[in-house]
Amino acid sequence: MFGNFRKELETRVALNGPEFQDALSKEVAKEEQRHEQRVKEFQEKINMLNQKYKELEDEFRLALTIEAKRYKEVKEDFDHVAADLVEHKQALFEFEQKEKEMASLIQDMTSIVEEQKAKISELTKSNEEATANLKLDCNQRFHWERFLWSPSNILINFCK
C-alpha cells in the first residue's frame with residue numbers, strides 16, 4: 001500500500017519545481033488571454049450599447065421636438081377655434097336678439113295691417129253707403145227736377 005503511494009508521489013510534479021512553474025505560467029497566460037478577450041468583447045458590447053443608447057436619446061429628442069411643435073400647432077389651432085367660437089356665440093346671440101326684434105316688428109306690423117284692413121273695410125262700406133245714398137239722392141233730384149221741369153209744372157210755377 002505504501003509502495004503505490006510512493007510511486008504516485010514520484011510521478012507527481014513538485015509544486016516548487018520548474019515543470020510546475022512552467023505549466024502554471026502557461027495556464028495563467030491562457031487565462032489572462034481569455035480574460036483579455038472577454039474584457040475586449042465586453043468593451044465592444046459596452047461601446048455598441050452606448051452607441052445604441054446615444055442613437056435612442058437622439059431619436060427621443062427628435063420625437064420630443066416634433067411633438068412639441070405639433071402640440072404648439074394644435075394649441076394655436078385650439079386658441080383660434082376658441083376665439084372663433086366666442087365670436088360665433090356673440091354673433092348668434094345678436095342674431096337671436098334681432099330675430100326677436102323682427103318677430104315683434106312683424107307682429108306689430110301684422111296688427112297695423114289688420115287695423116288698416118278694418119279701416120279700409122269700414123271706409124269701403126261707408127263709401128258704398130255714401131255712393132248709394134248719393135245715387136239715391138241723385139235719382140230723387142233727377143226725378144224731382146224732371147218733375148219740376150215738366151211742362152205742366154213749369155206752367156204751374158210760372159203762374160204763381
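Select E67 to begin: at 41% relative accessibility, E67 counts as partly exposed, a class that lies between buried (under 20% relative accessible area) and exposed (over 50%), with a 1.4 Å probe and protein chains only. This is a predicted model, in which local features need pLDDT of at least 70, side-chain atom pairs count only at pLDDT 80 or more, and totals for chains, interfaces and linings use all residues. Residues are numbered from 1 along each chain as its sequence is written, and side-chain values use heavy atoms, with hydrogens and water left out.

R70 and E67 form a salt bridge, their closest N and O atoms being 2.9 Å apart; the term requires a side-chain nitrogen of Lys or Arg within 4 Å of a carboxyl oxygen of Asp or Glu. The two residues are separated by about one helical turn because they stand 3 residues apart in helix α2; helices (H or I, at least four residues) are DSSP runs, numbered from the N terminus.

Now select K54, E57, D58 and R61, which salt bridges with shared partners join into one network. Within this group, the side chains of D58 and R61 meet at 3.1 Å, N to O. D58 is partly exposed at 36%, and R61 is partly exposed at 48%.

Then move to E27 and K30, whose salt bridge has its closest N and O atoms 3.7 Å apart. Both residues lie in helix α2, 3 residues apart. In total, the structure holds 8 salt bridges.

Finally, select L105, which is placed in helix α2 (residues 18-148) and is partly exposed at 44%.
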